[in-house]
Amino acid sequence: TFHDQWYRIAGLRVGLRPGTVVQRQSYRGEPWVVLHEPAHAGWFRARPDTYARIAALTPERTLGEIWEAQTRTDPATAPGQEDFFTLVRELYKANLLTVEGGVSENRILERAIRKKRKPLPARISELLFFRIPLWDPEPFLKRHQRAIRAVYSGPAVAVVLVTLVAAAITFALNAERALSQSGQILQLSNLIPLYLTIFATHILHEMSHAALTKLYGGHVRTMGVMLLLFTPLPYADLSSAWSFRDKWKR
């Protein structure tokens with residue numbers, strides 16, 4: 001329950017940023033609450049019980065007073081000091097909190113205890129899925145909203161479906177030839193062209209994600225390269241899709 005570094009934040013007065021939008025969503029039949037602060041691109045998703053802790057954050061009381069009140073009101077489910085510290089830190093990292101009077105960032109962002117050395121599998125995992133942000137596509141998407149609407153219109157989707165059916169028929173009529181030649185596709189001389197083709201199609205794939213997110217009213221602020229098993233591939237940050245109430249859009 002108690003934490004030896006609690007003193008770092010116990011006296012702070014924090015609250016959600018003005019303009020933070022709170023939306024209740026249903027993900028796979030379970031209730032969630034999504035917090036979004038547009039000015040600072042802040043996003044956070046929490047279960048209703050966790051949101052109840054977040055909603056209690058107010059500059060009128062210190063974090064220590066808030067935590068003590070929660071433990072008195074509901075001692076069975078109230079978070080321990082370390083869990084409360086972690087929640088505040090994650091909200092601060094998500095650009096959702098303001099701190100009354102300003103504060104050194106380290107008082108919130110530092111680990112409540114000295115960060116333990118991560119196990120080897122966790123460190124390897126970070127290397128295998130490392131992301132490098134490179135581009136903010138939002139201005140590009142704004143300029144081309146008319147083209148995006150055209151690409152995802154009913155007639156355009158119909159053209160794609162007809163093309164897919166024609167491709168499937170062509171493959172079926174030439175299946176023997178296609179299968180016999182597919183055994184040579186991984187020859188050494190083909191690896192570089194094959195990778196470049198995969199990279200190019202993956203760019204289109206991620207741009208499609210970004211375009212659809214923009215079409216449904218979201219914002220995409222980051223695109224870049226992800227090292228997936230040491231292989232560079234494009235990625236897009238689609239966090240704003242969390243705010244879509246329609247699960248089919250998400």
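**Close-up views of a predicted model**

**View 1. The largest pocket and its lining.** By class, five nonpolar, five polar and two charged residues line the largest pocket, where nonpolar covers Ala, Val, Leu, Ile, Met, Phe, Trp, Tyr, Cys and Pro, charged covers Asp, Glu, Lys and Arg, and polar covers the others, Gly among them. The model is predicted, with local features requiring pLDDT of at least 70 and side-chain atom pairs pLDDT 80 or more, whereas totals for chains, interfaces and linings use all residues. Residues are numbered from 1 along each chain as its sequence is written, and side-chain values use heavy atoms, leaving out hydrogens and water. The lining consists of His36, Pro38, Ala41, Trp43, His219, Val220, Arg221, Thr222, Asp237, Ser239, Ser240 and Trp242, and the pocket has a volume of about 230 Å³. (A pocket is an open set of points on a 1 Å grid over the protein atoms alone, where a 1.4 Å probe fits, with protein on both sides within 12 Å along at least five of seven lines; lining residues have an atom within 4 Å of a point.)

**View 2. Serine 240, one of the residues lining the largest pocket.** Serine 240 lies in the segment that follows strand 8 (231-236), and it counts as buried because its relative accessibility is 2% (buried is under 20% relative accessible area, exposed over 50%, partly exposed in between, with a 1.4 Å probe and protein chains only). A polar atom of the serine 240 side chain lies 2.7 Å from the backbone oxygen of histidine 219. Leaving aside residues up to four places away in sequence, serine 240 touches Trp43, Thr213, Gly218 and His219 (contact means heavy atoms within 4.5 Å).

**View 3. Glutamate 138 in helix 7 (residues 138-143).** Glutamate 138 is buried, since its relative accessible area is 1%. Not counting residues up to four places away in sequence, glutamate 138 touches Lys214, Gly218, His219, Val220 and Arg221, and among the residues lining the largest pocket are His219, Val220 and Arg221. Gly218 and His219 are also among the residues that serine 240 touches.

**View 4. The second largest pocket.** About 190 Å³ of space lies in the second largest pocket, which is lined by Phe44, Asp49, Thr50, Arg53, Thr77, Pro79, Asp83, Phe84 and Leu87. Helix 2 (48-55) and helix 4 each supply at least two residues of this lining (helices are DSSP runs of H or I with at least four residues, strands runs of E with at least two, numbered from the N terminus). By class, the lining divides into four nonpolar, two polar and three charged residues.

**View 5. The buried face of helix 3 (residues 63-73).** Within helix 3, Leu63, Gly64, Ile66, Trp67, Ala69 and Gln70 are buried. The cover over these residues includes helix 1 (7-10), strand 1 (14-16), helix 2 and helix 4.

**View 6. Asparagine 95 in the loop between helix 4 (81-93) and strand 5 (97-99).** Although it is not a glycine, asparagine 95 has a positive phi of about 65°. Most residues other than glycine have a negative phi. Asparagine 95 counts as partly exposed because its relative accessibility is 31%.

**View 7. Confidence along the chain.** The mean pLDDT (the predictor's confidence in each residue, from 0 to 100) is 84 for the chain, and 87% of its residues reach 70 or more.

Methods: Grid points are joined across faces, edges and corners, and a volume is the space filled by probe spheres set on the points. A polar contact is a pair of N or O atoms within 3.5 Å; within protein, one must be able to donate a hydrogen and the other to accept it, and residues adjacent in sequence count only if both atoms are side-chain atoms.
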